[in-house]
Amino acid sequence: MSEDTSKKILDGALKMFTQHGIKSITMDEIAESLSISKRTIYENFKDKNTLVFECLKYMDDSIDSKMKQISRESDNTMIEMMATTQEMQRLLKSVNPKFLNDVKNLDLPNDYCRQKEMERQIKQEMRLTKGQEEGLIREDVSPTLLSSSIADGIRQMAEKAIKENPDIQIHKVINTFIKIFYRGIATEKGLKIIENYEKANPTL
């Protein structure tokens, strides 16, 4: 397997999946868009299910890398949370709701899904705890409970919105949830940071 070829296929296939959905894209279409043979794809990925799973892992790794960068560059937890929301909003603008719906219905390896969910909850809990130490997040909320409820709340709201309107702009739905959620857990000091951040980033 050529690493360069594999990456080229992942980049191209992921772009097509996110723009058009997973079910509607064939291996022939991927090969044609990349100007390679379908045989080349199968030499790197044994079937479409494998390619889809590797694309999702590739996407997860890219997002995790970006989140680490945002964390390093943020002055405090609230700015990190707002910057993370802004980045996710940017990413979701180019994602077709069909892709999210297709992912929801995939039979993904349970071990991988549980591991990623656990990793993100732990990171979120650590972030919220740090925010409390900085005086930006209320002391009367539980980082442990919040770390799981954020993901669950976003997932439920997004799934309901997509079900009711398949063409909805999902980034706006998630952004609305996040804005309400952050204000609900922020201290007065935290609220000021949120307001200042939004003034400096009017598209958020």
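Buried means under 20% relative accessible area, exposed over 50%, and partly exposed in between, using a 1.4 Å probe and protein chains only. This is a predicted model, where local features need pLDDT of at least 70, side-chain atom pairs count only at pLDDT 80 or more, and totals for chains, interfaces and linings use all residues. Residues are numbered from 1 along each chain as its sequence is written, and side-chain values use heavy atoms, with hydrogens and water left out.

Start with the whole protein. Helices here are DSSP runs of H or I, at least four residues; strands are E runs of at least two; numbering goes from the N terminus. The C-alpha atoms fill a box of roughly 60 × 35 × 35 Å along the principal axes. Of the 204 residues, 42% count as buried.

Next, select residues 48-73, which form helix 4. At 1.5 Å times one less than the number of residues, its 26 residues should span 38 Å, and the end C-alpha atoms are 38 Å apart, so the two agree.

Now show side chains on helix 4. Its buried residues are Leu51, Val52, Phe53, Cys55, Leu56, Asp60, Ile63, Asp64, Met67 and Ile70. Two aspartates, Asp60 and Asp64, are on that list.

What do these buried residues pack against? Select helix 1 (3-20), helix 2 (27-34), helix 3 (38-44), helix 5 (77-92), helix 6 (97-104) and helix 7 (110-133).

Finish at the start of helix 4. Pick Asp47: one of its side-chain oxygens reaches to within 3.3 Å of the backbone nitrogen of Asn49.

Conventions:
Contact means heavy atoms within 4.5 Å. A polar contact is a pair of N or O atoms within 3.5 Å; within protein, one must be able to donate a hydrogen and the other to accept it, and residues adjacent in sequence count only if both atoms are side-chain atoms.
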